[in-house]
Amino acid sequence: MNLLSASALLLALLPLHAGQLAVVAGGGAKIADAPATECALHEPFGVEFAPDGSMVIVEMEHGQRVLRVDPRGTLTVLAGTGAKGFSGDGGPARDATFNGLHNLAIAPDGTIYLADTWNYRIRRIDPKTNIITTFAGTGKKGFSGDGGPAAQADFGSMIQIALDPVAAHLYVADIDNRRIRRIALATSFVETVAGDGQRAAPTDGTDAKAAPLLDPRAVAIAPDGGFYILERGGHALRHVDPAGKIRTVAGTGKPGASDGGDARLATLNGPKHLCLAPDGTVLIADAENHLIRRFDPQTGHLTRVAGDGTPGLLRRPHGVTVHDGVLYITDSYHDRILRLEP
């Protein structure tokens, strides 16, 4: 069974909102090596696609695995034993242990970067050998290392990581340090590109590196060469332009679920993740509102894309990504991956 046929089979089982929504992974009882819809997932948080079209999923606290769903729809374990811990560097990724995998990023050559959140490290899987190593972080929670090698730097809880379009830099949402940090892949040197470590709402037009942030949970690269920051505690979406100036583009700072019209007058509620769609719009996993929202930088509007605002359909959307024009959503409460087609 492939992903498309699995989607078609389950379409009738789910309510529809703004398109066809279907389960493509999770909901079964098998561990692995079976169709993805017949396998059990355990708190899927991040989902991305590899160059060969495979879907790669990371499981958080109750899973601690990295899973691969090939284009035919078969799920296998790529990394992790399922146990919590820190081990495996220098060996096969299948034998490694993790502690709270929140998210991942995949380079054009297939290299996988993992946000191993409570090990305070970014791990890397070589696509040719499947050997795992630590790319960033000492394993000690803290803040240090700007201007030097990322492997010798201390980080807070790494939540989302994102690669720029040419895979020159890896961006890190360092939520506990209230900063966005950037690692140059060629040198592995790390620097702060937003946040001064203070917890407050930034003022529009100020230098992002000198601005406070309210729990930066996620980061995504903007088409203009800047980047977006999604703040969980700030209930807002910020944009940092190529000149390094920050401004709020969505959210009032108060929790809620209003939309339509000016996105700066709309409300979000504990948003968890974001990604860029091919048309340059920003897709937001508005987890506490049980919605996927879309910010359009051309119109400045915020609209709903998926979910009906109740926990029945999307209980806890923690991850969003777009592949071949299709939106994929992780629901970490219902332990499944959904896809939304136009």
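**Exercise 1. Which residue of β19 is the bridge partner of Arg238, and where does that pair of strands sit in the sheet?**

In β19, Arg238 has Thr248 as its bridge partner. This is a predicted model, where local features need pLDDT of at least 70, side-chain atom pairs count only at pLDDT 80 or more, and totals for chains, interfaces and linings use all residues. Residues are numbered from 1 along each chain as its sequence is written, and side-chain values use heavy atoms, with hydrogens and water left out.

Step one: β18 (residues 236-240) and β19 pair antiparallel over four bridges. Strands here are DSSP runs of E, at least two residues, numbered from the N terminus, and two of them pair if DSSP finds at least two bridges between them.

Step two: go to the whole sheet, which is open, with five strands in the order β15-β19-β18-β17-β16 and antiparallel pairing. β15 (206-207) and β16 (216-221) each have a single partner strand, so one side of each lacks a neighbour in the sheet.

β15 joins β19 (residues 245-250) by two bridges, with Asp207 opposite Lys245. β16 joins β17 (residues 227-231) by five, and Ala220 stands opposite Tyr228.

**Exercise 2. How are the ring planes of Tyr113 and Phe135 arranged?**

Step one: count the aromatic pairs, taking Phe, Tyr and Trp (six-membered) rings with centres within 6.5 Å. That gives four.

Step two: the centres of Tyr113 and Phe135 are 5.3 Å apart and their planes lie at 70°, so call the pair edge-to-face (over 60 degrees; under 30 is stacked, the rest tilted).

Step three: Tyr113 belongs to β8 and Phe135 to β10, so the pair ties together parts 22 residues apart in sequence.
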